[in-house]
Amino acid sequence: MTTPEQKHRKHAKTINANFGNFGRLEIAIMGTPCGEIKKLANQIIEDLPGFHIAYVDADHKTEQDEKPASIHAGARFVYTDKIEFKRIDFQGSFERYERNKFFNQFDLVLVNGNHFEADMQIIVVDERKPLERKLERITNAIAILRQSKDERLPDYLESHFGKELEIQPLYTINETKKLSDLIRDTLVLNVPRLNGLVLAGGKSERMGIDKGLIDYHGLPQRAYLYRLLENFTENTFISCRPDQVKSLESDFKTIPDSISGLGPFGALLSAFREFPNHAWLVVACDLPLITTETMMELIDGRNPSKIATTFFNPETKFPEPLITIWEPKAYPELLHFMSLGYSCPRKVLINSRTEILNPADPNTLLNANNPKDLEQVKKRLKK
């Protein structure tokens, strides 16, 4: 008899990225007229200038003269550079997976909850827009706004929340600063957790020996970096070729390349495939002078609003992809660049929203790729 486990699996098992109807973190404002929702959303956006925020609205009263002439003529998509801002108009559907791709870059998506659903909600008590028939949309409310402190909640809301009402933040409609602070705290709490990845899958052809096995600090470089990363990350892994797994130390967790032939780019994609909702602190065995201080400097300078945080390498005059924190929002960007025929992590950093730090000690970014570099590093370490 065939067990369910033995049945043919049609699709490879993968981990889903954390997306809602629009973005990774989304909040619907509901229970008041649309104009009031827009005002409240704009105030929140103004209060949170350090974050990359999007707003989703609906307008069912579009006048004919609002449509671009090209749409009238039959165009499906119109891009307009308005100098001070850019505008996109298009005809056709905008389904969830298309929305996820578009809103991937944003830290927060505020949504008009009168028209759309979102994973979290801000409830406004307003008799002009009662929520009695939309209770099924209230699944994860983070705050309730009343018109005044003395206003009693409608019976249907008290019944819906039950005992949860005792711990539910209650503000008045004018306490937007408190609401914005709550949302800021929510954003901070939802900063992706950090995993570590040691890039050790290269063939070291220029060096002539495995760079991961070179002893700079009393143990093989891959082991040194692994132990270093363990101090800062939730999980740490060695990135390697599949044929290397058996030769690695047994206490090392590994992520073998599931996309081969792309070097560090493939290693990074393989890591995101396993943990798409974690950020990845990636460091290569090519960098022998990396220290605890280097790691702390990078982590302290981390900007989760960008797709990555990295160092500027003054020697190459480019960002240094061999020691970088890649945020989950980088995963779709990497796949996009690969679809265009590019497999260079540095190109992604240069052409994306990247936080670039100036290292306190540029020498820590010294890259050892050949025997000459190796001797130079060993002399430096002896000083």
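Trainee: Which residue in β14 stands opposite Ala-308?

Mentor: Trp-326 stands opposite Ala-308. This is a predicted model, where local features need pLDDT of at least 70, side-chain atom pairs count only at pLDDT 80 or more, and totals for chains, interfaces and linings use all residues. Residues are numbered from 1 along each chain as its sequence is written, and side-chain values use heavy atoms, with hydrogens and water left out.

Trainee: How many bridges join β13 to β14?

Mentor: Six, and the two strands run antiparallel. Strands are DSSP runs (E, at least two residues; helices are H or I, at least four), numbered from the N terminus, and two strands pair if DSSP finds at least two bridges between them.

Trainee: And β15, parallel or antiparallel to β13?

Mentor: Parallel, over four bridges. Ile-356 in β15 is the bridge partner of Thr-310.

Trainee: Is β13 mostly covered or open?

Mentor: Mostly covered, as five of the six residues in β13 are buried. Buried means under 20% relative accessible area, exposed over 50%, partly exposed in between (1.4 Å probe, protein chains only).

Trainee: New topic. Where is Asn-140?

Mentor: Asn-140 is in the loop between β6 (120–124) and β7 (141–146).

Trainee: Why does Asn-140 count as partly exposed?

Mentor: Because its relative accessible area is 37%.

Trainee: What does Asn-140 touch?

Mentor: Asp-119, Met-120 and Gln-121, not counting residues up to four places away in sequence; contact means heavy atoms within 4.5 Å. The C-alpha atoms of Asn-140 and Met-120 are separated by 4.9 Å, with the two residues 20 apart along the chain.
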